[in-house]
Amino acid sequence: MMDMADDALAPSRRTALLQLGALCGLALSGDLLAAVARPRKAGPPELLTPAELALTGVLAELIIPRTDTPGALAVGAHRTIDHLLHACATATQQAGYRAGLTRIEAVALAQAGKPFAVLPSPRQTALLHRLDAGADPFTAADREFFRQLKGYVAFAYYTSEAGATRELAYLPVPGGFTGSVKVTRATRAWAI
Amino acid sequence: MEPVSSFYIKESATRFDAIVVGSGITGGWAAKELTERGLKTLMVERGRPVEHGVDYLGENRDPWTMPNRGQVDATEAAEQFFNQRLCYAFDEHTKQFFNNDRDMPYSTPEGRPFSWIRGNQLGGKSLMWARQSYRWSDLDFEANLKDGHGVDWPIRYADLAPWYSHVERHVGISGGSEGLSVLPDGEFLPAFDFNAVELALKQKFDARFAPARMIMGRTANLRTPSEAHLAQGRGQCQARHQCQRGCSFGAYFSTQSSTLPAAVKTGRLRIATNAIVHSVIYDPATNRATGVRVIDAETMATREYHARIVVLCASTLASTAILLNSTSAAFPTGLANSSGALGHYLTDHLFGAGAHGRVEGFEDDYYQGRRPTAPYIPRFRNVLEQHPRFLRGYALSGGAGRDGWQSAAWKPGFGKDFKAMLRRPGAWHFSLGGQGEMLPRYENMVSLHPTRKDKWGMPLLHIDCSYSENDRRMQEDIADTAATILEELGVKDVKKHIRTLDEWPPGLSIHEMGTARMGRDPKTSVLNGWNQSHDVPNLFVTDGASMASGAWQNPSLTFMALTARACAHAVEELKAGRI
């Protein structure tokens, strides 16, 4: 698969995205630009607002960032989450997800005076550490949402081609079952 | 060999030797046995054709190529699969093999749900069954006689043992010989491996809990096929563990991979698909079944097929529904129902209770491939001594694995370190879950709904089934005992899990049995010891409807053995001119 983060954007797409970013009030990072630009996922989000989609993308990349393999944004995890929420989730699950995003945004605005997506990276990370622990101003319910979000991001990432085959070990046809193999420094977890 | 599709028919003036209703695990076996014994046989299937390999639409699909990554669209699930969606095997890769609940609904009493999981295609549920294959023993065949629940089985293990061998050799069961009285050995291919943690815990278990034993689950997957299996056109199991999507290797037993090719090879099989059996035709002058009336699922046209014997293999509840709908002056409450037992004594298996925990150490051990079975602890309750709180017993199954990326949802952290942690094999865990016997009870029953009909005008089946106090007590013991076992094996952070039987209604084990039970006495049972109607001697029911009790093992292998035995008997009786 193509990793869109590695691809140059066509100038017209870049312009269009910058306009979209401006509409959402976002300073778009290169990764976010690239991910939102994935041509196979072009078009508006299916369930989320553009701002919710962008926030999902920022959170996803903070949870599973780009390292020596692509991160969540590069595989379009935010688009996958938007699609699966639209296609496969109940109305209650959809509302719960959006309420969780709203809550993160509200805390960011209250604590830093800016939307979460445009905060400096250390500030984002610090807020997520508190969220991950359910620490003030976040609650146990907020932490529960973050766990759910981590589950969604992991699902979207590790069922993507890069997540399954480049980050983890993917063996669609193992050929047989071996009960005991030794773990080495190179061993990766099975994707499926 | 000619393709299966060249044997499809619609209209036929032929009087066949035999009609087999259904094409799943038992229908396929009936077709194979009857044709190989010389009978011109018509297999009648209500669903659409499914060609081996060609129609396995969900097979060989990487998750990122699926529109919903394996999840089913919520609207589609809510409108068309509102019952089937509860089945563990139902997903985006397999949904085409499940009954459409909008087209083929059923009814249940207010407040007493039942999950009826159905296939609706050539091959039936043999395409997506769980493949666990176990013999029953005399502990099971004598249970009704000993504790008085249900009628005495008219057969014992010795009657069925050679037929278990007969079907095992053809099916291909991978499993170990253990010498256990509660779970007789059979004709096995080599068993699948334990992983390192399972092996260590098995050794502890076998020493600590003898004579109970932890064994590898016996499964109808060809770990090491024999020459005979290769000759069937089947290949070795690839350990994908995606069997329910269909397997082009033919590595697990299904109608398509195994019994249908054998039946087709005889040249004596014909197949009518999209043919919904309305009723069995009965001739009061001769007291014989003479054929079946069908409704064309696509055109609504009606037609008849005729034969010298009729074998019902439509699935437990569908076979009974056909008999209930086959009324006449001689049988006003359903064909072969002079006893009044038809529709009664429905059982499923208890499911959803167990325990799990974490295993320390073994960081250097992993496994490769996805084993299509799991460790299994055969029944130990009420074998040597009577438990004070409940009758009968259960098996435990489960095993060990290492956490994968799914643990992201409950592990702390995020970012680079989090991603690096998920890249490596995670902590080991071990789980055990139970499968227990429900008592056969008269009040657990099916009937035809007095007014509601499906789009073909067929009356809906009304299923009224609930658990007894014995069932509830057993469910509690499953969770308690699984937790005790894990703790004694040194598993850490052991947690019990128990879905109360009210949260998890019957049906979801998909081991529904009974409703046309076998028995010795025509006054209290529908079928005799040959799966033959007491009332109408050329009518046979060989699927799960015939079971007089449910035992604790997965039942499919027993259905197959009963079917092969019944068909051999039917052919003998036919040739002798007695039916």
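1. A definition to start with: two residues are in contact if their C-beta atoms, placed from the backbone, lie within 7 Å. By that rule, 44 residues of chain B are in contact with 41 residues of chain A. Strand E11 (365–368) and helix H10 (416–423) of chain B each give at least two residues to the side of chain B that touches chain A, and H10(B) has the largest share, with 5 residues. Helices here (H or I, at least four residues) and strands (E, at least two) are DSSP runs, numbered from the N terminus.

2. A word on what we are looking at: this is a predicted model, in which local features need pLDDT of at least 70 and side-chain atom pairs count only at pLDDT 80 or more, while totals for chains, interfaces and linings use all residues. Residues are numbered from 1 along each chain as its sequence is written, and chains are lettered from A and ligands numbered from 1 in the order in which they are written.

3. Back to the interface and its make-up. The side of chain B that touches chain A has 19 nonpolar, 11 polar and 14 charged residues. In this scheme Ala, Val, Leu, Ile, Met, Phe, Trp, Tyr, Cys and Pro count as nonpolar, Asp, Glu, Lys and Arg as charged, and the others, Gly among them, as polar.

4. Strand E1 (residues 178–182) of chain A is joined to E11(B) by 3 bridges, and the two run antiparallel; strands pair if DSSP finds at least two bridges between them. Within this pairing, A:Val181 stands opposite B:Tyr366 of E11(B).

5. Now chain B as a whole, which has 12 helices and 18 strands. Its radius of gyration is 23 Å, close to the 25 Å that the globule rule gives for 579 residues, so chain B is as compact as a globular protein of that length. That radius is taken over C-alpha atoms, and the rule is 2.2 Å times the number of residues to the power 0.38. The C-alpha trace of chain B spans about 75 × 55 × 50 Å along its principal axes. Among its contacts between residues at least 6 apart in sequence, 73% join residues at least 24 apart.

6. Two loop residues of chain B deserve a glance. B:Asn60, between strand E2 (41–44) and helix H2 (74–80), has a positive phi of about 55° although it is not a glycine. B:Arg131, in the loop between H2 and helix H3 (138–141) of chain B, is also not a glycine, and its phi is near 75°. B:Asn60 counts as partly exposed, with 15 C-beta neighbours inside 10 Å, whereas B:Arg131 is buried, with 24 other C-beta atoms within 10 Å. The cut-offs are 20 or more other C-beta atoms within 10 Å for buried, 12 or fewer for exposed, and partly exposed in between, with C-beta atoms placed from the backbone.

7. The axes of H6 (residues 121–133) and H7 (residues 140–158) of chain A come within 7 Å and cross at roughly 105°, so H6(A) and H7(A) are roughly perpendicular to each other. Axes are lines fitted to C-alpha atoms, for helices over the stretch in contact, with angles from 0 to 180 degrees between N-to-C directions; under 35 degrees counts as roughly parallel, over 145 as roughly antiparallel, 65 to 115 as roughly perpendicular and the rest as oblique. The loop between H6 and H7 of chain A holds A:Pro137, which a cis peptide bond joins to A:Asp136, with omega about 10°.
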